[in-house]
Amino acid sequence: MSELSELYQQVILDHNKKPRNFRKLETANHSAEGYNPLCGDQLTIYLNLEDDLVREVGFEGSGCAISKAAASMMTQAVKGKSKEQAEHLFQEFHSMVTGELNEETEENNLGNLKIFAGVREFPVRVKCATLAWHTLHAALNKEPQISTE
Amino acid sequence: MSTGTLSTLEPVISDTWDVARIRADFPVLQQTVNGKPLIYLDNSASSQVPQVVVDRGSIYLEQEHSNIHRGVHYLSQKATTAYEGAREKVKRFINARDVRECIFVRGATEGINLVMHSYGRKFIGAGDEIIISAMEHHANIVPWQMLCEEKGARLRVIPMNDAGELLLDEYDGLLNERTKLVAVMHVSNALGTINPIKEMIAQAHKYGVPVLIDGAQAAPHMPIDMQDLDADFYVFSGHKMFAPTGSGVVYGKLELLEKMNPFQGGGDMIKTVTFEKTTYADPPNRFEAGTPAIASQIGLGAAIDYLNSIGRERAAAYEAELLRYATERVSAIEGVRIIGTAKNKASVLSFVIDDIHPHDIGTILDQEGIAVRAGHHCAQPVMQRFKVPATARASFAFYNTKEEIDVLARTIERVIEIFS
């Protein structure tokens with residue numbers, strides 16, 4: 001099951017078991033709900049955006065290991081970044097998991113998010129990995145709800 | 001007979017079912033997936049097609065095809081004979097009284113929509129009630145919701161217990177003078193429950209209420225006898241019973257069909273057409289506008305022949321044994337919970353694992369060549385009732401084997417290992 005181990009790496013399993021920033025943010029001034037109707041993943045992203053910086057971020061919801069781990073690592077990646085940097089990371093993450101960006105050879109800011117590169121081999125699961133990012137994008141742009149249909 | 005080790009729990013009954021010979025009838029089962037033999041346990045979503053059915057469809061397209069019903073030439077008569085011959089096979093398959101009671105549609109969903117439009121929109125009005133059950137597939141919920149919204153009618157829902165069995169006392173309580181239709185499924189695709197529809201139909205008939213049965217999950221597994229059940233409408237899909245996609249049937253009692261409005265308008269469903277007035281054809285043609293999926297329905301006829309040839313009772317007994325064995329193996333795994341534990345079940349096994357999402361279960365099983373369905377199974381209310389976001393569902397047909405169930409159980413254990 002070598003491809004499986006690419007998808008379900010220890011780091012991902014760890015983030016699924018102990019998701020970071022897994023809480024509702026009382027000080028949130030931006031939030032959005034994301035829903036993956038295909039498999040029932042459902043996330044809410046909370047942001048505290050001040051002076052164009054992501055000061056605090058939290059998430060709630062239920063879903064598969066990929067969606068939860070992706071959300072957890074996303075919150076770590078965007079905390080303290082500017083809105084523009086967060087949007088840029090969204091684009092890069094999306095490009096990586098859809099096979100448009102080679103994270104090893106092309107310039108990028110993905111850092112440890114590269115661990116999700118393995119999702120490329122499981123096209124059905126790409127929407128699980130990108131749900132949190134689509135929802136983040138919606139929250140940053142004040143859209144209340146998105147669906148990855 | 002087969003390769004690999006057999007379980008010591010092998011019962012006597014499966015010796016009468018030559019599963020290796022049956023499997024040889026289904027070429028699709030010979031392939032490998034991710035380097036492993038395909039283990040196809042997604043039959044509730046769609047079943048596989050035996051070679052004889054493939055061949056019948058090919059022969060039709062290679063040698064017999066033309067448009068049906070009005071041609072005066074040789075090929076059109078040949079095609080018409082094959083198509084209407086398939087209708088005759090359906091009539092015998094379900095023991096309908098009259099071949100005109102068998103309408104061809106592309107599947108159960110289209111069938112239910114046909115009854116909603118042709119019967120529901122004519123005979124159901126403001127203040128009326130439609131009873132469905134809490135375990136329905138969206139196909140037997142949404143059309144009725146649409147009708148209720150259009151007409152100002154009300155949807156009532158028969159509840160179920162934690163085992164996934166309908167509460168029949170509550171059903172009785174829901175029937176009243178405003179009830180104009182009962183629509184329930186024969187077998188649940190999410191839970192496997194076999195509902196006591198004969199009794200439920202009799203109960204509705206006491207109040208003069210007609211009943212539609214969604215038989216999509218029943219037709220593949222058990223004989224369905226319209227005279228015995230006395231259903232007013234019964235729908236099923238070909239692709240769930242070893243026939244090609246695009247085939248399916250609505251059965252309706254002739255006296256009802258004769259009163260009903262057409263479904264779609266167009267050619268073939270008319271008697272005469274002028275710009276001032278058009279008159280409609282009699283059943284079944286009234287409900288079959290346009291050129292039908294001729295090849296698919298002929299394939300359905302061939303699938304019926306195949307099912308009759310293998311022995312339906314023995315197939316059902318074998319499936320029951322598969323279900324028993326799978327339930328025993330899977331429920332013994334710690335952390336696994338079976339969803340749908342009715343006393344009377346078809347060979348469907350839905351399960352969840354503590355803290356592991358069905359989507360992850362499905363992906364890992366897929367890596368071992370095992371095809372199951374992970375999701376809400378077009379039954380979101382069922383998921384909500386059992387407080388799960390989704391389930392993983394293994395659904396068995398008479399070409400599955402105990403060895404395949406062993407691999408399923410082992411791989412579920414592997415899933416738990418990965419996540420621990």
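How many helices and strands are there in chain B? There are 14 helices and 17 strands, where a helix is a DSSP run of H or I with at least four residues and a strand is a run of E with at least two, numbered from the N terminus.

Some housekeeping. This is a predicted model, in which local features need pLDDT of at least 70 and side-chain atom pairs count only at pLDDT 80 or more, while totals for chains, interfaces and linings use all residues. Residues are numbered from 1 along each chain as its sequence is written, and chains are lettered from A and ligands numbered from 1 in the order in which they are written.

Chain B as a whole, then. Its radius of gyration is 22 Å, which agrees with the value near 22 Å for a compact globule of 420 residues; the radius is taken over C-alpha atoms, and the rule is 2.2 Å times the number of residues to the power 0.38. Along the principal axes, the C-alpha atoms of chain B fill a box of roughly 70 × 55 × 35 Å. Of the 420 residues, 48% count as buried, meaning that 20 or more other C-beta atoms, placed from the backbone, lie within 10 Å of the residue's own.

Now one sheet in chain B. Four strands form an open, antiparallel sheet in the order β13-β14-β17-β16; two strands pair if DSSP finds at least two bridges between them. Its edge strands are β13 (336-339) and β16 (373-375) of chain B, each pairing on one side only. From one strand to the next, the twist averages 30 degrees. Three bridges join β16(B) to β17(B), residues 391-395, and Arg373(B) stands opposite Arg393(B) in β17(B).

On to chain A and two of its helices. Helix α3, residues 65-78, reaches 20 Å from its first C-alpha to its last, close to the 20 Å expected for its 14 residues; the expected span is 1.5 Å times one less than the number of residues. Because 13 of those 14 residues are buried, α3(A) is largely enclosed by the rest of the structure. After α3(A) comes Gly80(A), with a positive phi near 90 degrees.

Helix α5 of chain A, residues 126-140, has 15 residues and reaches 21 Å, close to the 21 Å expected. Where does α5(A) bend? The bend is at Ala132(A), by about 30 degrees, taken as the angle between axes fitted to the seven residues ending there and the seven starting there. α5(A) is mostly covered, with 13 of its 15 residues buried. Lys142(A) follows α5(A), and its phi is positive, near 60 degrees.

Technical notes:
A residue is buried if 20 or more other C-beta atoms lie within 10 Å of its own, exposed if 12 or fewer, and partly exposed in between; C-beta atoms are placed from the backbone. Axes are lines fitted to C-alpha atoms, for helices over the stretch in contact, and angles run from 0 to 180 degrees between N-to-C directions.
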